[in-house]
Amino acid sequence: MTLITLAHGSRHPAAARAIEDLTAAAGALLGVPARTAYLELATPDLPTAAWEVPRAVVVPLLFTRAYHARHDVPVAARAARES
């Protein structure tokens, strides 16, 4: 099982590094491989991050139930599952 965190993405240069550090720490704590994916503004997207992973748990790193959480996350999850 692989942990994939799904963040929004940001234009701020330090944002991706912070998300990747969080993902690595969570993977280490859980004792599983961990990858980061983004909805937009950064790469990889979820289908790309999940491409070589046989099984994964995707944890959205979105803090509200706004549009991305209700629409984009399910769309990205379906795309990853189908790829």
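Student: Is Glu 52 buried or exposed?

Tutor: The model is predicted; local features need pLDDT of at least 70, side-chain atom pairs count only at pLDDT 80 or more, and totals for chains, interfaces and linings use all residues. Residues are numbered from 1 along each chain as its sequence is written, and side-chain values use heavy atoms, with hydrogens and water left out. Buried means under 20% relative accessible area, exposed over 50%, and partly exposed in between (1.4 Å probe, protein chains only). Glu 52 has 64% relative accessibility, so Glu 52 is exposed.

Student: Where does Glu 52 sit?

Tutor: Helices (H or I, at least four residues) and strands (E, at least two) are DSSP runs, numbered from the N terminus. Glu 52 is in the loop between helix H2 (46–50) and S3.

Student: What separates the C-alpha atoms of Glu 52 and Glu 40?

Tutor: Along the chain, these two residues are 12 residues apart. Their C-alpha atoms are separated by 21 Å.

Student: In what order do the elements run from the N terminus?

Tutor: The chain has three helices and three strands. From the N terminus, the order is β-α-β-α-β-α.

Student: Which residues make the nonpolar surface patch of about 230 Å²?

Tutor: Patch residues have over 30% relative accessible area and no salt bridge; like charges are joined within 9 Å, nonpolar side chains (Val, Leu, Ile, Met, Phe, Trp, Tyr) within 5 Å. A salt bridge is a side-chain nitrogen of Lys or Arg within 4 Å of a carboxyl oxygen of Asp or Glu. Areas come from the Shrake-Rupley method with a 1.4 Å probe; for residues, only the protein chains shown count as cover. The patch is made by Met 1, Val 57 and Val 59.

Student: Why does Val 59 count as partly exposed?

Tutor: Val 59 is in strand S3 (residues 56–60). Val 59 counts as partly exposed because its relative accessibility is 33%.

Student: Which residues does the cis peptide bond join?

Tutor: Most peptide bonds are trans. Here omega is about 10 degrees. Pro 44 lies in the loop between strand S2 (34–38) and H2. The cis bond joins Thr 43 and Pro 44.

Student: What is phi of Leu 41?

Tutor: Leu 41 is in the loop between S2 and H2. Most residues other than glycine have a negative phi. Leu 41 has a positive value, near 70 degrees.
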